[in-house]
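User: Hello! I am new to this structure, and I would like to go through it with some questions.

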Amino acid sequence: MHAGAGVLSFDEALARVLEHAATLPRPLSETLALLACADRVLAEAILADRDQPPFDRSTRDGFALRAADTAAPLKVVGQVRAGEQWQGGALEHGTAVEIMTGAPIPLAYDAVVMIEHTERAGDSIRLTAGRTIRSGENIVPQGSEARAGQSVLPLGTVIEGAEIALAAACGRSELQVFRRPRVAIVATGDELVTLNATPGPQQIRNSNSYGLAALVAHAGGEPVQLPIAPDRRAELERTVRSARDSDLILLSGGVSMGKYDLVEEVLEDLGAEFFFTGVKMQPGKPLVFGRLPATDEFPSQFFFGLPGNPISTQVTFHCFVEPLLRAMSGAAVQGPRFVQATLAEDVAGRADLTRVLPARWTADRVRPEVRLVGWQGSGDLAANARANCYAVLPPDRERFAAGDVITVLLR
């Protein structure tokens, strides 16, 4: 057994990964066009360039008025559309102005009544029977969303559609973001062939490399797919050495107990420090996490040895690799995306292992409901594609009943 390493519980292994993630320095930054920033992490705070909204804004199509005037019919004296300001002069008591959603509120008024809550006769309106209105109703006050100069997106924010829209509203066509970490992906095994090769009866195509590349990109990394590494020590070592210019190495396969599972031996020969060499989980038990030492040419480098079965590969990525990778991308350190859901059926547990099983969850109830996807084991890519989450079943229970609230791992 490697010094200081061993097989850990799921919670212990995750805590070990997050502990190392918290030690990472901030990456370098670069400036990109706004739309190129999706899935990247902000390296600066975004400030509002003016009050948001920049005026008292109507949230409804209706009539702007004084709330105190609504006991009697009101004379409609004009209209304000979005993008316009009231230009009709002073507004006396007993008047109203037709207004559209998003338009500025004329200064004399303090409320907006929705069209469907009024009755109109000629140029006059009155509130429908029983309807009242209070000052401020259906108005968003100037600066209530943000004041000019206020931070609206802090440094470290992961940028998605909502954040791009907010940055655009602040006039930002470019953003400073952290550079993406380069992630070397090495699939190992004599049974693997490239996608454009015709596999023999004993061979399979290299799906893991492509699945991991997609997951890495979505998590904010830059995937670098290296050639398939056969189950031969010298060639595997050459491949690992060729990955030293990346920020993280992901190796799939070769980490079990078989005669030709050479990943740990090669890493150990290269001076690796192992933080754990297995996790008490199903699937994914052979997972390895560690760090290669710094050399004259390269800094120290984290690595994961992922199990070779495809679902094991993807489960362990979501649980352990993704939190570290997002921290390497400049985001705040946080664990996997866990939510709670109600189990739709009885499910067997394992007293000694955390089970992380392909499942589908639906949100058509008060609490989301989750049901396992039928599968033929951790090599069943079709079952994994039918799933939209994983049910997480903790150890020390041999049976989970329909109606139990369990943890679900989103992906």
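Analyst: Welcome! A residue counts as buried when its relative accessible area is under 20%. Please keep in mind that this is a predicted model.

User: Is F289 buried or exposed?

Analyst: The cut-off for buried is under 20% relative accessible area. F289 has a relative accessible area of 0%, so F289 is buried.

User: How are helix 1 and helix 6 oriented to each other?

Analyst: Helix 1 (residues 10–21) packs with helix 6 (residues 310–328) at an angle of about 15°, and their axes are 9 Å apart. Angles under 35 degrees count as roughly parallel. Helix 1 and helix 6 are therefore roughly parallel to each other.

User: Which class of residues makes up the contact of helix 1 with helix 6?

Analyst: On the helix 1 side are F10, A13, L14, V17, L18 and A21, which meet C319, F320, P323, L324 and A327 in helix 6. By class, this contact has no polar and no charged residues, and 11 that are nonpolar.

User: How are the rings of F10 and F320 arranged?

Analyst: F10 lies in helix 1 and F320 in helix 6, so the pair ties together parts that are 310 residues apart in sequence. Both F10 and F320 are buried. Their ring centres are 5.3 Å apart and the planes are at 55°, so the pair is tilted.

User: And how are the rings of F275 and F289 arranged?

Analyst: F275 lies in strand 19 and F289 in strand 21, so this pair ties together parts 14 residues apart in sequence. With ring centres 5.1 Å apart and planes at 55°, the pair is tilted.

Note on methods
Residues numbered from 1 in each chain as written. Predicted model: local features only at pLDDT ≥ 70, side-chain atom pairs only at ≥ 80, totals over all residues. Heavy atoms only, no water. Axes fitted to C-alpha atoms, helices over the stretch in contact; angles between N-to-C directions. Helix = DSSP H or I, 4+ residues; strand = E, 2+ residues; numbered from the N terminus. Parallel < 35°, antiparallel > 145°, perpendicular 65-115°, else oblique. Contact = heavy atoms within 4.5 Å. Nonpolar A, V, L, I, M, F, W, Y, C, P; charged D, E, K, R; others polar. Phe/Tyr/Trp six-rings, centres within 6.5 Å; stacked < 30°, edge-to-face > 60°. Buried < 20%, exposed > 50% of the residue type's maximum accessible area, 1.4 Å probe, protein only.
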